[in-house]
Amino acid sequence: MSPHTPLNPKTSSYEFFGPPGAFAITIGVPVLAYVLYFTCNESSGGCPPPIQSLYPSLAQAVSDPAFWWKLWDPKAFSIYYSWYAFCLVAWAVLPGDWVQGTQLRNGKYQQYKINAFSTCLMALGLSTGYVLRFGVESFTFFYDHWVGFVSAALSMSFFQGILWYALSFQEGKLLALGGNSGNWIYDFYIGRELNPTVGSLDIKSFNELRPGMILWLLIDMSMACAQATRLGGRITDSMILVILFQGLYIMDGLYNEPAVFTTIDIISDGFGFMLAVGDLLWVPFVYSLQARYLVFQSRDLGYAWSAVILAVNLLGYYIFRTSNNEKNEFRNGRNPKNLEYMTTEQGSKLLTSGWWGVSRHPNYMGDLLMGLAWSLPTGFDTPLTYFYVIYFAVLLIHRQRRDDERCQNKYGKDWDRYQKLVPYRIIPYVY
Ligand SMILES: NC(=O)C1=CN([C@@H]2O[C@H](COP(=O)(O)OP(=O)(O)OC[C@H]3O[C@@H](n4cnc5c(N)ncnc54)[C@H](OP(=O)(O)O)[C@@H]3O)[C@@H](O)[C@H]2O)C=CC1
Ligand SMILES: CC(C)=CCC[C@@H](C)[C@H]1CC=C2C3=C(CC[C@@]21C)[C@@]1(C)CC[C@H](O)C(C)(C)[C@@H]1CC3
């Protein structure tokens with residue numbers, strides 16, 4: 001049967017520079033996750049280490065088979081896969097309401113079980129109990145077995161990328177409009193099937209919110225334990241800030257689980273290697289870089305500097321949360337603030353006042369401010385702890401362009417009208 005049907009038309013244009021770009025990112029993202037460890041860890045001689053010391057030692061290291069064997073760590077693999085199994089069991093057994101997502105183009109709705117927040121509380125409770133019972137030194141295994149955990153998460157990402165790509169060829173699947181090009185490298189990367197589902201488990205939202213996001217929080221907690229082990233039981237104010245900020249972001253995302261069903265990934269992207277590796281490897285092991293750095297470069301900020309950083313984070317959070325709430329309420333048929341909007345020919349409405357009248361992606365602005373606040377506690381000795389902010393700015397600008405293109409196709413002339421009313425893309429008067 002042809003893979004191209006009226007419901008699943010052939011993808012006519014590529015993103016990410018097409019198959020060569022998709023291939024480069026498929027290789028580049030895992031390599032970068034390892035590089036960020038090898039160029040910034042306790043024994044690398046700095047963060048980043050001096051290039052003259054890095055080059056010969058790295059060249060020697062990779063030519064030694066023992067280096068490659070160290071990437072495989074049975075303890076880390078067994079903990080990681082048990083963790084993934086825990087998330088699956090928690091999804092199945094913990095109670096949760098069922099909500100439906102936005103309407104799909106086949107007229108149907110995907111159903112989602114809401115219990116990511118309670119899964120996180122359970123994981124936190126069990127981990128805290130473990131630390132109280134066995135001491136902070138017992139919870140440093142993420143720090144001690146870092147590379148092994150990265151490899152374990154990577155193996156899961158490839159496994160899922162390949163599995164869902166292969167299963168997307170079964171008859172009757174609804175494919176992502178952007179993932180049905182016929183080029184296997186590209187479709188594997190970008191995601192071919194829109195909503196892979198096992199029984200009633202939606203794979204895309206499950207992976208986006210549970211095994212990676214909650215693990216990120218547990219990793220941060222493990223970094224605090226590793227720091228306390230080194231400092232005789234003390235945790236620095238910089239570490240406390242990073243954990244509080246990232247903890248707030250993670251818990252907020254999980255608490256507002258239904259809001260994720262109006263994000264681009266859930267509405268329009270397929271589930272492929274990009275989201276698998278992003279959710280399972282990139283989020284927990286790259287987003288926690290600041291906390292890992294503070295284990296071996298502990299620093300105290302003092303009240304004044306802490307207050308400034310706290311203010312940046314709170315401002316970012318306020319913009320992020322209120323703007324996401326405005327859009328989410330509106331997309332679910334509510335408008336409690338009586339915001340102005342325009343009605344499109346296509347039928348949907350677009351907000352034109354409130355945050356969505358300030359810029360076309362006000363939520364990105366808040367998210368970026370928070371990203372900055374997560375890096376500031378690490379000081380200014382290394383650019384590497386600012387990697388997140390730079391990567392994130394690139395990711396969000398790219399997302400904004402993808403989304404503008406998608407909305408242009410969806411809303412046509414109405415989108416031009418909306419762009420005239422709301423001319424700034426992310427930051428008013430800047431971009
Ligand atoms: N930490 C991280 O790594 C990442 C975080 N994020 C965060 O996730 C959140 C969601 O982001 P994302 O999904 O990219 O994008 P948005 O939440 O901005 O969603 C874009 C969609 O919203 C709808 N929309 C656009 N303008 C309006 C309007 N004026 N009124 C009503 N609806 C509108 C459109 O969909 P339609 O009209 O079809 O409904 C559009 O496709 C953001 O806060 C972002 O910062 C995102 C990526 C990575
Ligand atoms: C480089 C690479 C492989 C990129 C993949 C991108 C993913 C890391 C991100 C795509 C969209 C994401 C979202 C969140 C985390 C990062 C990814 C998966 C998110 C779950 C973070 C918490 C927020 O509150 C959120 C729920 C709004 C958000 C949704 C999008």
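Over residues 114–134 the chain is 90% helix and 5% strand, with 32 Å between the end C-alpha atoms; helices (H or I, at least four residues) and strands (E, at least two) are DSSP runs numbered from the N terminus. The model is a predicted one, in which local features need pLDDT of at least 70 and side-chain atom pairs count only at pLDDT 80 or more, while totals for chains, interfaces and linings use all residues. Residues are numbered from 1 along each chain as its sequence is written, and chains are lettered from A and ligands numbered from 1 in the order in which they are written.

Residues 231–251 are 71% helix and 0% strand, and their end C-alpha atoms lie 28 Å apart.

The domain assignment, whose bounds come from an automatic or database source, gives domain 1 (1–38 + 71–300) and domain 2 (302–431). The centres of the two domains, taken over C-alpha atoms, are separated by 22 Å, and their contact (C-beta atoms, placed from the backbone, within 7 Å) takes 22 residues from domain 1 and 25 residues from domain 2. On the side of domain 1 that touches domain 2, the elements that give two or more residues are helix 11 and helix 14 (289–296), and helix 11 gives the most, with nine residues.

The axes of helix 11 and helix 15 (residues 303–331) come within 11 Å and cross at roughly 5°, the axes being lines fitted to C-alpha atoms over the stretch in contact and the angles running from 0 to 180 degrees between N-to-C directions. Helix 11 is therefore roughly parallel to helix 15, a term that applies to angles under 35 degrees. Residues Asp-237, Leu-241, Phe-245, Leu-248 and Asp-252 of helix 11 meet Ser-306, Ile-309, Leu-310, Asn-313, Tyr-317 and Arg-321 of helix 15. By class, this helix contact comprises six nonpolar, two polar and three charged residues, where Ala, Val, Leu, Ile, Met, Phe, Trp, Tyr, Cys and Pro count as nonpolar, Asp, Glu, Lys and Arg as charged, and the others, Gly among them, as polar.

Helix 11 (237–255) also contributes to the shell around ligand 2, together with helix 9 (203–209) and helix 13 (273–286). Ligand 2 is surrounded by 15 residues, the closest being Val-29, Gly-253, Val-260, Gly-278 and Trp-282, where a residue is near a molecule if its C-beta atom, placed from the backbone, lies within 6 Å of it. Helix 13 gives the most to this shell, with six residues.

Ligand 1 is surrounded by 20 residues, of which Thr-263, Ile-264, Leu-351, Asn-363 and Asp-367 are the closest. Helix 15 is one of the elements that give two or more residues to the shell around ligand 1, which holds eight nonpolar, five polar and seven charged residues.

Notes:
Angles under 35 degrees count as roughly parallel, over 145 as roughly antiparallel, 65 to 115 as roughly perpendicular and the rest as oblique. Two residues are in contact if their C-beta atoms, placed from the backbone, lie within 7 Å.
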